[in-house]
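Me: I would like to learn how to read a model of this kind with some care, taking one feature at a time. Could you walk me through it?

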Amino acid sequence: MRSENERIKNGAAAYLRQHTKVVRLFAVAVLLHLSFLIPHSFCLNAQHVQTGKASYYTKKWTGRKTSNGDRLHHDSLTCAHRTYPFGTLLQVTNPANGRVVVVKVNDRGPYVRGRIIDLSWGAARDLGILSQGIATVTVEPLVHFQIPMKKDYDLVIPMISDIVENEAFPWKPISEHSLR
């Protein structure tokens, strides 16, 4: 028969083993849950540039689901990449003609050895690689990207009360209208 001390010692060891697993699982859950707080610049090496072969999806694949659940459309500027997270914007350059396109990662692949990216048909058209089928491209992530906008004019929206008080209101009551 075991002594009282041995039972306590074995019970304490089992308790610690059990709670160590719980603490580890909790730490992993917290890290996964809070990983969205880490900026992409820490996850992605902003200087990481890949050069390799690119292919593209045929128009026949329009409507199929991609790995992130979106439906593929041949005119969309999307791509498949093995490692970048979904939603990452990549700048793809065709060094043969200097054309550049920005695409969003929404699928996994390519699963053919020697290729680094699968482009949508629209992105391949913009890069000028439709006739080649496979072309050498340069891929780099865009960590800080803003959609360019042209500001044509300063939009000033006057308040209706200001218009009525200044008698610049173009509307007349129906009784005073000339078409009556």
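Reply: Let us begin with a term: two residues are said to be in contact when heavy atoms of theirs lie within 4.5 Å. Please keep in mind throughout that this is a predicted model.

Me: With that term in hand, which residues is Gln 50 in contact with, leaving aside its neighbours within four places in sequence?

Reply: Gln 50, whose place is in strand β1, is in contact with His 81, Tyr 84, Ile 116, Val 137, Thr 138 and Val 139 once those neighbours are left aside. With His 81 there is also a polar contact of 2.8 Å between the side chains, and Val 139 is the bridge partner of Gln 50 in β6.

Me: How many of the residues of β6 are buried?

Reply: Buried means a relative accessible area under 20%. Strand β6, which spans residues 135-141, is mostly covered, since 5 of its 7 residues are buried.

Me: Is Asp 107 buried or exposed?

Reply: Asp 107, found in strand β4 (residues 99-107), counts as buried because its relative accessible area is 11%. Its side chain makes a polar contact of 2.7 Å with the side chain of Tyr 57, and a polar contact of 2.7 Å joins the side chains of Asp 107 and Ser 67. Beyond four places in sequence, the residues in contact with Asp 107 also include Thr 66, Cys 79, Ala 80, His 81 and Phe 86. As for Asp 70, it is 37 residues from Asp 107 in sequence, while their C-alpha atoms are 8.7 Å apart in space.

Me: Where does pLDDT stay under 50?

Reply: Where pLDDT is low, the predicted coordinates should not be read in detail. Here pLDDT stays under 50 over residues 36-46, a stretch for which the model has 8 contacts beyond four places in sequence. For the protein chain, the mean pLDDT is 77, and 54% of its residues reach 70 or more.

Conventions. Residues numbered from 1 in each chain as written. Predicted model: local features only at pLDDT ≥ 70, side-chain atom pairs only at ≥ 80, totals over all residues. Heavy atoms only, no water. Buried < 20%, exposed > 50% of the residue type's maximum accessible area, 1.4 Å probe, protein only. Helix = DSSP H or I, 4+ residues; strand = E, 2+ residues; numbered from the N terminus. Pairing = 2+ DSSP bridges. Polar contact = N/O pair within 3.5 Å; in protein donor to acceptor, adjacent residues only side chain to side chain. pLDDT = per-residue confidence, 0-100.
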